[in-house]
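Let's walk through this model together, from the place where two chains meet to the packing and pairing inside them. Have the structure open as you read.

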Amino acid sequence: MRQDVDPSSDLPEFAAAMRRAYSHRPAIPSEIDARLSAMAAERFAAWRRSRMAVRWAGAVAAGLAAVIALAIALRPQRPAAPIARATPKNYDMVDALLLAKHLAAHDAVDRASDVNGDGVVDQRDVDAIAAAAVRLRQTVAHRLPTLNALGLDKPIRPASAESSDSAKAVAQVVAAPREGMR
Amino acid sequence: MKRLSLLLPLLIPLLCLAAGPGDPAAGTRFTSVDILIDPKGQPLAAYQVEFTAEVGRVSLVGVEAGEHPAYAKRPPYYDPAALAGHRIIVGDYSLDPNLPRNRVRVARLMLEVRGQTKPQYAMKLMAAANADGKTIPVEMSLSEQ
């Protein structure tokens with residue numbers, strides 16, 4: 001518990017002595033003072049420099065991250081493999097080549113190129129396209145002319161005389177590839 | 001009975017000869033036909049051809065790879081159902097940087113030819129492309145070994 005000394009108490013001399021003892025300012029030489037000040041200034045300067053270096057490093061890292069993110073975001077996307085140029089019924093070996101090239105280059109590939117339907121576009125799809133290209137049945141179907149090409153785009157009426165000619169034409173066309181299959 | 005016992009030693013060899021299989025090799029031979037493509041200076045990155053034996057009793061028995069390193073690593077693609085038939089579609093592609101630019105054997109077909117009729121073959125180009133997938137003009141030919 002602290003009690004202030006009353007100057008009007010019975011111990012004025014003691015109080016004065018204590019006041020002198022604790023209120024005097026020691027004389028510090030100006031050289032030591034200057035040296036202490038210099039050391040303090042140097043210590044503070046070093047601390048400030050390290051803080052600035054950390055700040056600059058952070059700013060540079062953030063800038064680099066921003067540049068990389070921008071570069072990725074603005075990277076021109078290469079077009080997906082143009083496998084859609086062929087319908088599944090008339091793939092040829094060029095389709096297999098194009099997909100194989102895109103896969104080898106790690107390009108983005110259209111999901112429509114998942115020919116085997118396993119959810120992944122890979123070499124197995126290339127093989128599936130190549131196998132479809134060389135399938136014999138496909139080419140027989142592919143050889144069949146369309147009704148338009150035959151001029152038979154109108155419905156054939158079996159009972160009429162003119163339809164019998166059309167039916168013969170169809171029969172000839174259908175019979176031709178079958179002969180080739182033997 | 002006595003006659004039969006005398007004839008039996010003569011009949012048995014005759015019956016065996018009659019019942020035995022005929023010479024299976026008579027009139028049957030195996031041959032091979034090379035499919036050659038000349039891309040005329042352009043790199044041949046993909047091809048697809050249809051081969052048909054139009055005359056003669058011919059059966060396909062096998063398909064071999066081509067001679068150029070770009071097409072020699074594996075046999076070309078073909079439909080296995082074509083084996084034992086007389087028509088086949090073969091095709092292949094290559095990502096090899098060193099593609100053939102001159103006349104090259106892209107496939108060899110192994111054939112079984114039955115009978116004395118000389119077979120006649122036909123070939124139809126279905127696709128030929130350079131490394132960019134662009135169609136290129138080529139010349140095809142066959143060479144029977």
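Contact here means heavy atoms within 4.5 Å. By that rule, 24 residues of chain A are in contact with 28 residues of chain B. Before going further, please note that this is a predicted model, in which local features need pLDDT of at least 70 and side-chain atom pairs count only at pLDDT 80 or more, while totals for chains, interfaces and linings use all residues. Residues are numbered from 1 along each chain as its sequence is written, chains are lettered from A and ligands numbered from 1 in the order in which they are written, and side-chain values use heavy atoms, with hydrogens and water left out.

The size of an interface is often given as the accessible area lost when the parts come together. Buried area is that loss for a 1.4 Å probe, summed over both parts. For chain A and chain B the figure is about 1900 Å², with 63% of it on carbon and sulfur atoms.

A salt bridge asks for a side-chain nitrogen of Lys or Arg within 4 Å of a carboxyl oxygen of Asp or Glu, and the count between chain A and chain B is one. Its partners are Lys101(A) and Asp132(B), whose closest N and O atoms are 3.9 Å apart.

Which elements of chain A give two or more residues to the side that touches chain B? They are helix 3 (93-104), helix 4 (123-133), helix 5 (136-143) and helix 7 (161-181), where helices are DSSP runs of H or I with at least four residues, strands are E runs of at least two, and both are numbered from the N terminus. Helix 3 of chain A gives the most, with eight residues.

Two of these helices also pack on each other. The axes of helix 3 and helix 4 of chain A, lines fitted to C-alpha atoms over the stretch in contact, come within 8 Å and cross at roughly 170°, on a scale from 0 to 180 degrees between N-to-C directions. The two helices are therefore roughly antiparallel to each other, a label for angles over 145 degrees. Among the residues that meet are Leu99(A) and Leu103(A) from helix 3 and Val126(A) and Ile129(A) from helix 4.

Over all chains, the salt bridges come to 10. One joins Glu50(B) and Arg87(B), at 2.9 Å from N to O. This pair links distant parts of the chain, 37 residues apart: Glu50(B) lies in strand 2 (residues 46-55) of chain B and Arg87(B) in strand 5 (residues 87-93) of chain B.

Technical notes:
Buried area is the accessible area (1.4 Å probe) that two parts lose on being put together, summed over both. Angles under 35 degrees count as roughly parallel, over 145 as roughly antiparallel, 65 to 115 as roughly perpendicular and the rest as oblique.
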